[in-house]
Amino acid sequence: MAKIILTGDRPTGRLHIGHYVGSLRRRVELQNSGEFDEVNILIADAQALTDNFDNPEKVRDNIFEVAIDYISCGIDPKKSNIIIQSMIPELTELTFYYADLVTVARLQRNPTVKTEVGMRGFGASIPVGFFTYPISQAADITAFKATTVPAGEDQEPMIEQTREIVRSFNSTYHCSTLVEPEIMLPGNQASMRLPGTDGKEKMSKSLGNCIYLSDPAAEVKRKVMGMYTDPRHVNVSDPGRIEGNTVFTYLDAFCKDEYFAEYAPEYANLQEMKEHYQRGGLGDVKVKKFLNNVLQETLEPIRKKRAELEKDIPYVYEVLKEGTAAGEKKAAETLAEVKHSMKIDYFNGDEWLVSQEKKFAEKAASADASKPSKSNIQLLRQKAAEARKAAKEKNK
Ligand code: TRP
């Protein structure tokens, strides 16, 4: 079976280093590994609209931002399709049929939806589109016959729901049309989720604690120098804590041994630096300066590529158009198979016409057969007449 990747993002803002560590870096590796027959990356604008329907401009704008972020990070349009979700009507159609296989109670149990409903303050007024987006995500994944969905932990309930839909579809319609996907979680702990620069659990635009891939170097430095560390590490000589110290969490995610020779030659590796910090005698400013250098090593090539792309927007447009066209072709094939399995492919060939013609012809023939024929009627009349005659004679 072909190994196919499908993954995606909602285009509600520029991508930040949390996205880089949590997913982008991995996607580039997978793309270049040669292990996959297809890599599809979905810009999920229709899903973004489920809670931004009143702000389509924002979504529209960010499609380009996200596409530029992808390519800057090393997504190669020759190897991966970058696809705009809403431009593939087949996904909407699949969603509608899958909705038959999912109960309201099942959607209510989806923990990610639950959390998001709370975060967005929908209360009792949850838009149906938002509530049902896991079904649409199942359509995204299955339309491409994806075997592998690289995504964060928060997407696990979506993949589980997708797998249930696949099983339900294949068993209800006695087929093996749909493929059950597997989630591929980020590799190491530091990659799971990068906290915000303020030490809060998550990087998020609304909290203003993100470092964006597109931030200029000076902006990155400013944000790093203002980062949350260990609040009890007041004097340089004080012992410091590594756990929950955002600067070290970022170093875990970005640092390579080779950076020490250049930026902190007094240490051989991160472990030595950490031990010094824990012992006392290593100041936050010094660690932050080191982190800034480490981050700039990663971000500088990305910024360079971004600057090139920003000067060639028609190229990015073509990439989106071609990726979407390739995506639609695939989704249309799957939709045709789905409809065939559900026996709702009426005008596909003449099977329906022929079978209906036969059904009605048979109905007409059997109606003819059970209708008493003329000779039968005559026989009945004759019998009735004989019976009357016999009765009369008896009464005489
Ligand atoms: N729900 C994902 C997110 O919020 C985005 C997404 C949409 C997605 N369709 C997908 C992810 C399909 C993986 C596969 O980030």
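Y346, F347 and W352 make a nonpolar surface patch of about 390 Å². For a patch, residues need over 30% relative accessible area and no salt bridge, with like charges joined within 9 Å and nonpolar side chains (Val, Leu, Ile, Met, Phe, Trp, Tyr) within 5 Å. A salt bridge is a side-chain nitrogen of Lys or Arg within 4 Å of a carboxyl oxygen of Asp or Glu. Areas are Shrake-Rupley values with a 1.4 Å probe, and for residues only the protein chains shown count as cover.

A word on the source: this is a predicted model, where local features need pLDDT of at least 70 and side-chain atom pairs count only at pLDDT 80 or more, while totals for chains, interfaces and linings use all residues. Residues are numbered from 1 along each chain as its sequence is written, and side-chain values use heavy atoms, without hydrogens and water.

F347 sits in the loop between α16 (313-341) and α17 (351-370); helices (H or I, at least four residues) and strands (E, at least two) are DSSP runs, numbered from the N terminus. F347 is exposed, at 77% relative accessible area. Exposed is over 50%, buried under 20%, partly exposed in between (1.4 Å probe, protein chains only).

K343 is in the loop between α16 and α17 as well. Its phi is positive, about 55°, although K343 is not a glycine, and K343 is exposed at 67%.

K145, in the loop between α8 and β4, also has a positive phi, near 55°. K145 counts as buried, at 17% relative accessibility.
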